[in-house]
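Here is a short briefing on the structure shown below. Keep the 3D view open as you read, and find each part as it comes up.

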Amino acid sequence: MYGYNGKILRVNLTDGSWKTEELDLEMAKKFIGGRGLGTKMMMDEVDPKVDPLSPENKLFVVTGPMTGNPVATGGRYMVVTKSPLSNTIASSNSGGKWGAELKFSGWDIIAFEGKSEEPVYLSIDDDKVELLSAADLWGTTVSNTTKKLEEKHADGCKVLAIGPGGENLSHIAAIMNDEDRAAGRSGVGAVMGSKNLKAIVVKGSGKPDVPDQDRIKELNKKQLAKIKENGVTGEGLPTYGTAVLVNILNELGSLPTNNFQEAHFDKAEEISGETLADKYLIKRTACYRCPIGCGRYVKSGDWEGGGPEYETLWSFGSDCGISDMDSIIMANYWCNEMGIDTISAGATIAAAIELYQKGYIKDEELDGLKLEFGNGTDIAEWVKRMGYGQGLGAKMAQGSYRLADGYGVPEFSMTVKKLEMPAYDPRGIMGIGLNYATSNRGGCHVRGYTISPEVLGLPEQLDRFDTKAKPTWVKIFQDLTAAIDSLGVCLFTSFALGADDYAEMYNVIAGTDFTGNDILAIGDRIYNIEKQFNLLAGVTPAEDTLPKRLLNDPIPEGPSEGWVNKLDEMLGEYYKERGWGEDGIPTEAKLKELGL
Amino acid sequence: MIKIEVRYFATLRIDDKKKEALEVQEDTSVDTLLGQIGVNLEDVAILLVNGIRTPPEYILKDGDVVSLFPPVGGG
């Protein structure tokens, strides 16, 4: 079957051995790859009740059938494991060039088991696989690790690594690749750190076989035209990156501010995409085979490098009441160096500021640093302390829920299933609240990005305050996203492409015969197996909710003044849409229908 | 005459003009306003009045804030 190499690299870190396994291609067709296939392997091989940071947890690095293939944005990979932050299934997606290189090396999946006694890294040069000592890399930043490994290994090798955050088991640690691309969410970096695995260097000399060059050329011509003609992927994202959303969400009065106490930030312009483009942007950057190029390469003072995304401008910006762009750029840089998720890091600082303001965190815990809404002076230093696990930073490194819970007030943590919510206040945008509440990894926007219809008007405009149609939309978006995340392409293509386009992509590359509805049905299957994993892990539907602040405290001022999220009007309908019982649990009939 | 404010974003900002206070005739629609300020309706993907999605036929009221965005997105 095309689209896959047909090979799994299974690495036992406990005894240092590795072996090749054949990929079950029939299984691959049922779950596509990436997020879907990784979750299926977790379900088959790991007890969902496993301690996420124990050797018994496994870590799967999974490409999709599009990864490394000649299709637009075909360079994504997924990290699938059990999350130490949320205790749910974790699947974190990343772009850059690393995923495609793994595919070129002849492997589809790396399955890590056990725990190494000493720090190691994995080197892959096609079929030559070695576990090597990482003693001289342990404790170093992501960029230093990357540079050292690039110097040591073959020309053009690509490096994936954790930073001190993952080594020190920060529950919000990311896995980084190509220095500043992140499989960011759910604390996957801590799982890698718990296994004493510092990095994966990969070099591949092959290219996946493709069945029909002419059909691929035709497909690319058609899909690239759609991406170019679409206002968002053809102009908005290339020109301003994701950061352009700052002003939009602020104008709607749904830009979470000061730890979600407010939803409008007077100084939003100073942290906007427009300001980033006018004053800081040097050039845009792109992942493997990406025609969009939403990445920002920026200059701040004497420093230059990868710039902040929308989520980061929000988390360290308005969520902390901070309008100092230079401080945010540096906080973003240190998140990349420490290997820490920028959403969770910024949101945890925001929660810490509120905890300090309300007297829970005491002066003596600050070690002379500032922890104030509106003061960006020390946010980069807080990130470093999270990464190195120093002082109050060590508590913050476990995420806002454990931080706030440690002071007896978990309600100050703006999380769902202990994962920090992103930059859209669900009190002013109903459907995204339902998506947060029902996302299988917790508070996440990219499990079902209903911001598209609710805010951007794509593919059609919905009333953001209305609840009626939202359960249907959330389910469709969640299912389609699960399939896209499994194919190995970027979710941003979905601004321009629909389920039929993804089916065509899969068919042309892999020789399958799927329709758009088939793709959605596979997404449904993936969503349900994730849910099954969570239920078996002990994460019950009682956690399908939002923080009380968002259900009870109306937005105090601005265009969304007076609104709370009306989750109770949507949740039951959503369960019905999913074919689940009123208790939020998939029925036997539904699981049978999906072949689970 | 009524007083309104127009806010421009992203590629709709010309010569770095972020916003302007305007006086327009009563009974002016947003559509008419766009003609007066030289913005093509087809270039506007998100049209907000006081933060709420509004059709171009909407008749402006004193104190309204009109926000104009081209097609943009992110995540």
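How many of the 9 residues of helix H17 (residues 430–438) of chain A are buried? The count is 9 of 9, so the helix is mostly covered, given that a residue is buried if 20 or more other C-beta atoms lie within 10 Å of its own. This is a predicted model. It scores ipTM 0.97 and pTM 0.98.

- The buried residues of H17(A) include A:Met430, A:Ile432, A:Leu434 and A:Tyr436.
- A:Gly431, A:Gly433, A:Asn435, A:Ala437 and A:Thr438 are also on that buried list.
- These buried residues pack against strand S16 (415–416), helix H18 (451–456) and helix H19 (470–487) of chain A, among others.
- H22 and helix H23 (567–578) of chain A are packing partners of H17(A) too.
- The largest nonpolar core holds 205 residues.
- Inside that core, A:Ala199, A:Val246, A:Val383 and A:Tyr502 have the most contacts.
- Setting aside neighbours within four places in sequence, A:Ala199 touches residues including A:Tyr121, A:Ala134, A:Leu137 and A:Thr145.
- A:Leu149, A:Val159, A:Leu160 and A:Ala161 are among the contacts of A:Ala199 as well.

**Domains of chain A**

- Chain A is divided into domain 1 (7–203), domain 2 (248–420) and domain 3 (430–593).
- The centres of domain 1 and domain 3 of chain A, taken over C-alpha atoms, are 26 Å apart.
- Their contact takes 41 residues from domain 1 and 30 residues from domain 3.
- On the domain 1 side, helix H1 (25–31), helix H2 (34–45), strand S4 (77–82) and strand S5 (89–94) of chain A each give two or more residues.
- H2(A) gives the most to that side, with 8 residues.
- The domain 1 side divides into 14 nonpolar, 19 polar and 8 charged residues.

- H21(A) has 22 residues, which should span 32 Å at 1.5 Å a residue.
- Its end C-alpha atoms are 32 Å apart, so the two values agree.
- Just after H21(A), A:Gly538 takes a positive phi of about 95 degrees.
- A:Ala542 is found in the loop between helix H21 (516–537) and helix H22 (548–552) of chain A.
- A:Ala542 is exposed because it has 8 other C-beta atoms within 10 Å, and the cut-off for exposed is 12 or fewer.
- A:Ala542 and A:Ile322 are 220 residues apart in sequence and 34 Å apart in space, C-alpha to C-alpha.

**Chain B and its contact with chain A**

- Chain B has a mean pLDDT of 96, and 100% of its residues reach 70 or more.
- The contact takes 19 residues from chain B and 30 residues from chain A.
- On the chain B side, strand S3 (46–49), strand S4 (52–53) and strand S5 (65–69) of chain B each give two or more residues.
- That side divides into 10 nonpolar, 7 polar and 2 charged residues.

- Most residues other than glycine have a negative phi, and most peptide bonds are trans.
- B:Asp15 is not a glycine, yet it has a positive phi of about 50 degrees.
- B:Asp15 lies in the loop between strand S1 (2–8) and strand S2 (19–24) of chain B.
- B:Asp15 counts as exposed because it has 4 C-beta neighbours inside 10 Å.
- B:Asn50 has a positive phi near 55 degrees, and it lies in the loop between S3 and S4 of chain B.
- B:Asn50 is partly exposed, with 16 other C-beta atoms within 10 Å.
- The peptide bond from A:Leu458 to A:Pro459 is cis, with omega near -5 degrees.
- A:Pro459 lies in the loop between H18 and H19 of chain A.

Conventions. Residues are numbered from 1 along each chain as its sequence is written. Chains are lettered from A and ligands numbered from 1 in the order in which they are written. This is a predicted model: local features need pLDDT of at least 70, side-chain atom pairs count only at pLDDT 80 or more; totals for chains, interfaces and linings use all residues. Helices (H or I, at least four residues) and strands (E, at least two) are DSSP runs, numbered from the N terminus. A nonpolar core is a set of buried Ala, Val, Leu, Ile, Met, Phe, Trp, Tyr and Cys residues joined through C-beta atoms within 7 Å. Two residues are in contact if their C-beta atoms, placed from the backbone, lie within 7 Å. The expected span of a helix is 1.5 Å times one less than its number of residues. Ala, Val, Leu, Ile, Met, Phe, Trp, Tyr, Cys and Pro count as nonpolar, Asp, Glu, Lys and Arg as charged, and the others, Gly among them, as polar. Domain bounds come from an automatic or database domain assignment. pLDDT is the predictor's confidence in each residue, from 0 to 100.
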